[in-house]
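Subject: A structure for you to explore

Hello,

Here is the structure I promised to pass on to you. Please open it beside this message and follow along as you read.

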Amino acid sequence: MFREYQVCSKCVMDTSDPSIEFDENGICSHCHWYEQRGIKQKSFADLISKVEDIKLNQKNSNYDVILGLSGGVDSSFLLYYCVVKLNLRPLVVHCDNGWNSEAAIHNIELLVKKLNLDLYTYIIDWEEFRELQRAFFYSDNIDLEMVTDHAMNAIQQIVCEKFKIKYSVSGQNYQSESILPRDWVHDKMDFSLIQKTAFNYGINDFKTYPYINKKLIDIEFISPLNHIDYNKEDAKKILNKFCDWKEYGGKHSESIFTKFYQNYILPTKYNIDKRRAHLSSMIKAKQITRNEALQILEKPIYDEVELINDKKYVLKKLRLDEKWFNEYIKKEYDS
Ligand SMILES: [Zn+2]
């Protein structure tokens with residue numbers, strides 16, 4: 001269906017979100033949703049009292065919380081904050097799906113060592129994971145990150161059950177992640193979709209891929225970054241000062257697949273620039289102005305040389321034929 005292009009007058013969301021609506025002043029439905037929900041920084045006192053509850057309830061366990069560490073800025077800062085500022089005892093969990101960059105591994109090992117913590121690494125068999133990813137490509141599924149995101153959730157469930165941990169801290173934060181169009185992603189907890197996609201591709205069972213098919217344990221999720229004045233740029237400086245934490249090459253450099261998916265597949269095949277959602281969230285949280293966001297969007301999303309190298313790497317690793325992939329990219333998405 002043809003729709004005339006429109007961009008919100010308050011944020012930078014546009015008609016690349018098929019469900020977006022605009023009022024007579026050109027303000028989008030995401031802005032209205034944000035105001036209606038009254039999204040803002042939560043009380044710090046509430047966080048402290050929650051931390052006290054956690055410590056009391058977990059006093060007979062070796063760990064207070066579970067924390068999924070990707071090596072990116074949000075989860076790295078969260079870990080630092082939980083240990084150094086909140087005195088929590090996290091069990092650090094990491095999922096190795098074969099895509100972690102050297103930067104991510106460097107950051108994870110560094111932080112865990114410096115903070116003297118236990119690290120639980122869950123390794124998904126690469127061949128199994130590759131076939132699942134290929135299944136998502138061949139079924140033309142927009143959310144190619146679903147297999148990773150579902151696995152991370154499942155691993156948390158498995159590890160919490162194993163170590164009797166009732167709480168999970170998450171790096172989720174309204175300052176950069178409040179706005180995300182529903183049409184751009186699937187429900188990450190929906191294992192039946194993964195199962196169906198895998199089955200249609202010819203995969204009938206899962207050997208090492210972790211999945212949620214029943215409710216294992218009640219985990220309470222806490223997002224400390226929503227209770228503090230969290231700013232990614234400041235967080236990077238704090239981490240740099242604390243240890244040799246490094247960010248290599250921008251957002252999502254912790255996984256080459258995530259980078260290639262968000263910066264090439266989504267914009268080229270689906271006309272979706274995820275930076276819009278991220279920047280709009282930052283505008284709403286008053287971390288950036290709309291003009292600054294528009295300037296960032298003017299910049300190319302991928303460095304040309306990097307794109308050539310990353311494309312080669314991803315296709316080879318996933319055993320995708322280049323000719324097939326180029327057709328796949330051109331093929332119009334039919335939602
Ligand atoms: Zn808006």
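First, some ground rules. This is a predicted model, in which local features need pLDDT of at least 70 and side-chain atom pairs count only at pLDDT 80 or more, while totals for chains, interfaces and linings use all residues. Residues are numbered from 1 along each chain as its sequence is written, and side-chain values use heavy atoms, with hydrogens and water left out.

The sheet

Helices (H or I, at least four residues) and strands (E, at least two) are DSSP runs, numbered from the N terminus. Five strands form an open sheet in the order S3-S2-S1-S4-S5, with parallel pairing; two strands pair if DSSP finds at least two bridges between them. At the edges are S3 (119-123) and S5 (220-222), each pairing on one side only. From one strand to the next, the twist averages 30 degrees. Angles run from 0 to 180 degrees between N-to-C directions, and axes are lines fitted to C-alpha atoms, for helices over the stretch in contact.

Take S1 (residues 65-68) and S2 (residues 90-96): four bridges link them in the parallel sense. Glycine 68 has valine 93 in S2 as its bridge partner. Across S1, S2 and S4 (167-169) lies helix H3 (residues 73-85), which runs at about 155 degrees to S1.

Asparagine 226

This residue sits in the loop between S5 and helix H9 (232-242). Is asparagine 226 buried or exposed? Asparagine 226 is buried, because its relative accessible area is 7% (buried means under 20% relative accessible area, exposed over 50%, partly exposed in between, with a 1.4 Å probe and protein chains only). Its side chain makes a polar contact of 3.2 Å with the side chain of glutamine 172. A polar contact is a pair of N or O atoms within 3.5 Å; within protein, one must be able to donate a hydrogen and the other to accept it, and residues adjacent in sequence count only if both atoms are side-chain atoms. A polar atom of the asparagine 226 side chain also lies 2.8 Å from the backbone nitrogen of tyrosine 174.

Lysine 55 belongs to helix H2 (residues 44-57) and is partly exposed, at 31% relative accessibility. Leaving out residues up to four places away in sequence, lysine 55 touches Asp64, Leu86, Asn87 and Leu88 (contact means heavy atoms within 4.5 Å). A polar atom of the lysine 55 side chain is 3.0 Å from the backbone oxygen of leucine 86.

Glutamine 133, in helix H5 (residues 126-138), counts as buried because its relative accessibility is 1%. Among the residues that glutamine 133 touches, not counting those up to four places away in sequence, are Trp99, Trp126 and Phe257.

Asparagine 271 counts as exposed, at 57% relative accessibility.

The cavity

Finally, the largest cavity holds about 30 Å³ of space, and the residues lining this cavity include Asn173, Tyr230 and Met282. On a 1 Å grid over the protein atoms alone, a cavity is a set of points where a 1.4 Å probe fits but cannot get out, and lining residues have an atom within 4 Å of a point. Grid points are joined across faces, edges and corners, and a volume is the space filled by probe spheres set on the points.

Happy exploring!

Note on methods: 1 Å grid on protein atoms, 1.4 Å probe; cavity = no way out; pocket = protein on both sides within 12 Å on 5 of 7 lines; lining within 4 Å.
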